[in-house]
Amino acid sequence: MKKLLTLLLVVTLTAGMAHASIFDKYTFKREDLPEAAREMLDEYFPKATVNLIKVDRHLLKKTDYDVTLLNGTRIEFSNAGKWQSVDCKKRAVPEGLVPKTIRNYVSKNGNGAKIVSIKKKLSGYEIGLSDGIGMSFNLLYQFKGFITESEE
C-alpha cells in the first residue's frame, strides 16, 4: 500500500509539472515584454539582438520573463517588467544596473575583477565577478560576505 501511494504521488507530481510547462511560451518579439522590460533593454542593451524570450506562466504566482540575448546575456524580468537578475557571462554588467556604492566597493576590493552578474534579492543584492567570486550586499549596499557555491 505504501509503494502504491508513493507511486501515485510521483505520477501526480510529474503530471503537474508537465501540465505547468504547457503554460510557458517562447517568442522572439520584444513587444511581448512589459514596457519597463523593453525600456531597460533599449537603455542598457541597445544594440543587442534578442535570441529568445521565455514567458513563464506559473499556476500560483505571476508571469515572469527570461530573456536571452544573442551574445549569451540572460536577463530575468518580473511580471511588471522590472529586472530581477542580469548575467552577462564574461562581459561586464552595464554600470547603470549596479548601485554606485556596490561598484565602488568592488573597484576597491575586487582585485581588478569586473561585475559580470547581479541579482536582486529580498535581502539585497548578489553579484558575480569575472574571477568567479560571488559577493552579497544588503539593502543598504553594505558588503555582507562572500557567496559560496552552496549558497547560490
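In the protein, residues 24 or more positions apart account for 34% of the contacts with a separation of 6 or more (contact means heavy atoms within 4.5 Å). The structure is a predicted model, in which local features need pLDDT of at least 70, side-chain atom pairs count only at pLDDT 80 or more, and totals for chains, interfaces and linings use all residues. Residues are numbered from 1 along each chain as its sequence is written, and side-chain values use heavy atoms, with hydrogens and water left out.

The protein has three helices and nine strands. These are DSSP runs numbered from the N terminus (helices, H or I, at least four residues; strands, E, at least two). Along the sequence the pattern reads α-β-α-β-β-β-β-α-β-β-β-β. Of the 152 residues, 36% count as buried (under 20% relative accessible area, with exposed over 50% and partly exposed in between; 1.4 Å probe, protein chains only).

The nine strands form an open antiparallel sheet in the order E1-E2-E3-E4-E5-E6-E7-E8-E9. Two strands pair if DSSP finds at least two bridges between them. Strand E1 (25-27) and strand E9 (143-147) are the edges, and each pairs on one side only. The twist averages 20° from one strand to the next. Axes are lines fitted to C-alpha atoms, for helices over the stretch in contact; angles run from 0 to 180 degrees between N-to-C directions.

Strand E5 (residues 83-87) is joined to strand E6 (residues 115-121) by three bridges, and the two run antiparallel. Here valine 86 stands opposite isoleucine 118 in E6. Helix H2 (residues 35-44) packs on the sheet and touches strands E2 (50-56), E3 (64-69), E4 (74-77) and E5. The direction of H2 makes about 150° with that of E4.

Helix H3 (residues 100-109) lies across E6, E7 (124-129), E8 (134-138) and E9. H3 runs at about 140° to E8. Four bridges join E8 to E9 in antiparallel fashion. Phenylalanine 137 has phenylalanine 143 in E9 as its bridge partner. E8 and E9 form a hairpin with four residues between them. In the turn, tyrosine 141 has a positive phi of about 65°.

The second largest pocket is lined by 14 residues. Lys61, Asp64, Glu76, Ser78 and Gln84 lie nearest its centre. On a 1 Å grid over the protein atoms alone, a pocket is an open set of points where a 1.4 Å probe fits, with protein on both sides within 12 Å along at least five of seven lines; lining residues have an atom within 4 Å of a point. E3, E4 and E6 each give two or more residues to this lining.
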